[in-house]
Amino acid sequence: MKCGRRGSDGRFFVPGRRRHFTWRGGCAIIRVMKKFDISRKKAFVCDLDGTLFMGPNPIRPAVDFVIESTNSGRFCFFYLTNNTSKTPAEYMKKIAGAKIPVEPDQILTPLITLEEYIREEGYRSVYLVASAAVVKHMDERLRDVGVSFGFDPARNELAALAYDKELTYDKLQKLTTLWNMRNGGNAATGLKTVEGGPIDFVATHPDNCCPSEAGPIPDVGGMLKLLETTNGMKPSHVFGKPSPSLLQPVLLQFAKDEIAVVGDRLYTDKAIADNAGVDFVCVLSGETTPADLERYEGTPPAIVVETFDKVMEG
Ligand SMILES: [Mg+2]
């Protein structure tokens, strides 16, 4: 993998940047910040897609490192995903299927934030655009407070968009109709406003695309652009990375300098690390390329590695 060129002193130099990186043969263990101290770390918050998995397949060196470190007790791991196409139980199954020992409280997903939001706002009628399994999961989680999930323009208090791999035109039309009916109707067509005031609309995460073996595929960010283009519909809240609220369970257990977020995306994974004030380990096994890092204008990641396991060599 070509990442730049080596200087006469053997150090690796990225064109156009004054910063020197240490080149250690093979490919990129590119250390960019001296403050990163692996011996201080106790907990890694791991992104999944592009970091531990590529689609359904484990990124083997990274997964083997997590298994060995879990079994030896060297590090605690949490699994952070913006991908709301699956339930936490499905992620447990996916992670356990790669032979990684995992407990429910290690899974961090925006569905947890959405559940908390619905509870805090006291909503009882929600139109959730999500896969059938995710709607069933949310229905079960919120049954104790009597929340109903379904398209009901007269009663819906919240419209929510998750990463729905069963998305249909009918669901998109219902979302926009709900917004139109609750936000002024449409005099030209005779569509009447339903009483109850403007409807709240939230999205589980902002990702523009999901990495896959076939390259980027549509995700919630793209759907949000489609909706905004259609009728100006915009979410009041977008959960998931980069919102640091997802890291709260980890921050309650560890000091900030004991934690690092590991991920393949600068605009979500690094952003949540920055927002929470913890180190970021950038892996090149997913979306971010060396060229992206060259163009990146923010503070550099604490360390950049080809795959997560290489972090021990940093
Ligand atoms: Mg990722």
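Two strands count as paired if DSSP finds at least two bridges between them. I kept that cut-off at hand while going through this predicted model.

**Entry 1**

Five strands form an open sheet in the order 11-10-12-13-16, and the pairing is parallel. Strand 11 (148-149) and strand 16 (237-238) are the edge strands; each has a single partner, so one side of each has no neighbour in the sheet.

I then checked how strand 13 is held. Strand 13 (residues 200-203) pairs with strand 16 in the parallel sense over two bridges, which meets the cut-off of at least two. I noted V238 in strand 16 as the bridge partner of A203. Strand 12 runs parallel to strand 13 and is joined to it by four bridges. There, A160 has V202 of strand 13 as its bridge partner.

I also looked for a helix against this sheet. Helix 5 (residues 169-182) lies across strand 10 (125-129), strand 12 (158-161) and strand 13. Its direction is at about 140° to strand 10.

**Entry 1: the nonpolar cores**

Which residues have the most contacts inside the largest nonpolar core? I found V45, C46, Y79, A260, V262 and V281, in a core of 44 residues. I followed V281 further. Setting aside neighbours within four places in sequence, V281 is in contact with A260, V262, P301, A302, I303, V305 and V311.

Another core, of 33 residues, lies apart from the largest one. I listed F149, A159, M181 and V202 among its members. V202 is also the bridge partner of A160 noted above. In soluble globular proteins, nonpolar side chains tend to be buried together.

**Entry 2: the chain as a whole**

I took down the totals next. The chain has nine helices and 19 strands. Of its 314 residues, 42% count as buried. Among contacts with a separation of 6 or more, 64% are between residues 24 or more positions apart.

**Entry 3: confidence**

Where does pLDDT stay under 50? I found this over residues 1-27, for which the model has 38 contacts beyond four places in sequence. Where pLDDT is low, the predicted coordinates should not be read in detail. The chain averages a pLDDT of 86, and 85% of the residues score at least 70.

**Entry 4: backbone exceptions**

Most residues other than glycine have a negative phi, and most peptide bonds are trans. I looked up two exceptions.

The peptide bond from K241 to P242 is cis, with omega near 15°. P242 sits in the loop between strand 16 and helix 7 (248-251).

K99 is not a glycine, yet its phi is positive, at about 75°. I placed K99 in the loop between helix 2 (88-97) and strand 9 (107-108). Is K99 buried or exposed? K99 counts as exposed because it has 11 C-beta neighbours inside 10 Å, and the cut-off for exposed is 12 or fewer.

**Entry 5: E306**

I ended with E306, in the segment after strand 19 (303-305). E306 has 18 C-beta neighbours inside 10 Å, so it counts as partly exposed. E306 and L284 are 22 residues apart along the chain, and their C-alpha atoms are separated by 4.7 Å.

Methods: Residues numbered from 1 in each chain as written. Predicted model: local features only at pLDDT ≥ 70, side-chain atom pairs only at ≥ 80, totals over all residues. Contact = placed C-beta atoms within 7 Å. Axes fitted to C-alpha atoms, helices over the stretch in contact; angles between N-to-C directions. Core = buried A, V, L, I, M, F, W, Y, C linked by C-beta atoms within 7 Å. Buried ≥ 20, exposed ≤ 12 C-beta atoms within 10 Å, placed from the backbone. pLDDT = per-residue confidence, 0-100.
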